Amino acid sequence: MEDQKIIDLFFRRQESAIEETKYKYGNYCRKIAFQILHISEDVEECENDTYMKLWNSIPPTVPNSLKVYIATVIRNLSIQKYRYYHAEKRNQHMEATIEEIEESVAMIETVETEVAKKELVITINRFLEEQKAETRQIFTRRYFKMQSITDICKEMKLSKSKVETSLSRTRKKLKQFLTQEGYEV
Amino acid sequence: MKGIDFLEIIGDIDEKYVAEIEENQENKVIRMAQWNSKKVLSYAASFLLIITLSLSLYQIYMPTSESITQEEDMENMSRDMSRDIEVIEEHLGEAVAEIDESEQVEQFEEIIEEVPAEDELSEEKNIFMKIFDKVVSFFKNLRSI
């Protein structure tokens, strides 16, 4: 079924909307959640939470792209769940990703307010806009979709060294950019 | 700021950057599918071509009862033709030899003039002279050409 028809089902409050979403994007959802959580039960729980969030947020939200909207929802829910279980259920892949990015953002003061968070998001968007498409895609795959370096290499048909070098340079550039923008404490 | 906090904030980046990844991935899948379908089509076309060629070659070269009869006819014809060619070559060889020796033709003419009247000759000689006359006139025509 086309995305627009699924969105229409959500708007008409028909429960088949969830069935259709699950049928079309179930695998996609589980893949994103698994990159972060690495535990099947948590992934399943996260997937169900995602359908609930979609049901509650559409309407009023009208997603431009249902796929991207679902990716954002499940990704953020998975991060929240990971944070919640952080002490008990660590996974190496996620820990490595966190450590990598922490080097670039350690000097930033923790943002507490929603306004400050939105400002930081705008700054990150500007930073991404300045990057080359390939560099940006590698960065987004790694820190938004939490893909492993192996998966990025496979999907983008790039060598491991190229992906690692690109990520390392982008992190350094991000640090410089955030410093210039006055985020350094 | 902790890494996990930053990752949480990145979750709110402009969706166009996420869409960019998805589109890129979908395009790759489509290109792959197109490439695969092209590959399958080219294989199918090659296969059909090979089958057609094989069938054509089979029809041309494999002997059937009809083609065997045709082959025999052809052999007979070529045998007859080679025999005819041999005869023609023989005659032509003689004719060429006669032409080359044109002086002899003139001598023949003289002989003919000296030959007695038809009634004085035997019937066999008559026939021979008629043939000889024709031959000479033939060479005369040749010379005039």
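Residues are numbered from 1 along each chain as its sequence is written, and chains are lettered from A in the order in which they are written. Because the model is predicted, local features need pLDDT of at least 70 and side-chain atom pairs count only at pLDDT 80 or more, while totals for chains, interfaces and linings use all residues; side-chain values use heavy atoms, with hydrogens and water left out.

**Stop 1: the interface**

Select both chains. Contact (heavy atoms within 4.5 Å) links 46 residues of chain A with 26 residues of chain B. The buried area, about 3300 Å², is the accessible area (1.4 Å probe) that the two parts lose on being put together, summed over both. Carbon and sulfur atoms give 62% of that area. Now pick A:Val68, A:Arg83 and A:Gln137: in chain A these lose the most area to chain B, together 17% of what that side buries.

**Stop 2**

Show the side chains of B:Glu22 and A:Lys67, which form a salt bridge at 3.5 Å, N to O. The term covers a side-chain nitrogen of Lys or Arg within 4 Å of a carboxyl oxygen of Asp or Glu. Between chain A and chain B there are 6 salt bridges.

**Stop 3: the helices of chain A**

**Stop 4: the core**

Next, select A:Met94, A:Leu120, A:Leu178 and B:Phe6, the residues with the most contacts inside the largest nonpolar core, which has 66 residues. Such a core is a set of buried (under 20% relative accessible area, 1.4 Å probe, protein chains only) Ala, Val, Leu, Ile, Met, Phe, Trp, Tyr and Cys residues joined through side-chain atoms within 4.5 Å. H4(A) gives the most to this core, with 10 residues.

Which residues is B:Phe6 in contact with, leaving aside neighbours within four places in sequence? They are A:Ile101, A:Val105, A:Leu120, A:Ile124, A:Leu174, A:Leu178 and B:Met1.

**Stop 5: A:Asp49**

Finally, go to A:Asp49 in helix H3 (residues 40-57) of chain A. A:Asp49 counts as partly exposed because its relative accessibility is 34%, between the 20% limit for buried and the 50% limit for exposed. Not counting residues up to four places away in sequence, A:Asp49 touches A:Leu77 and A:Lys81. A:Ser78 is 29 residues from A:Asp49 in sequence and 9.7 Å away in space, C-alpha to C-alpha.

Key. Helix = DSSP H or I, 4+ residues; strand = E, 2+ residues; numbered from the N terminus.
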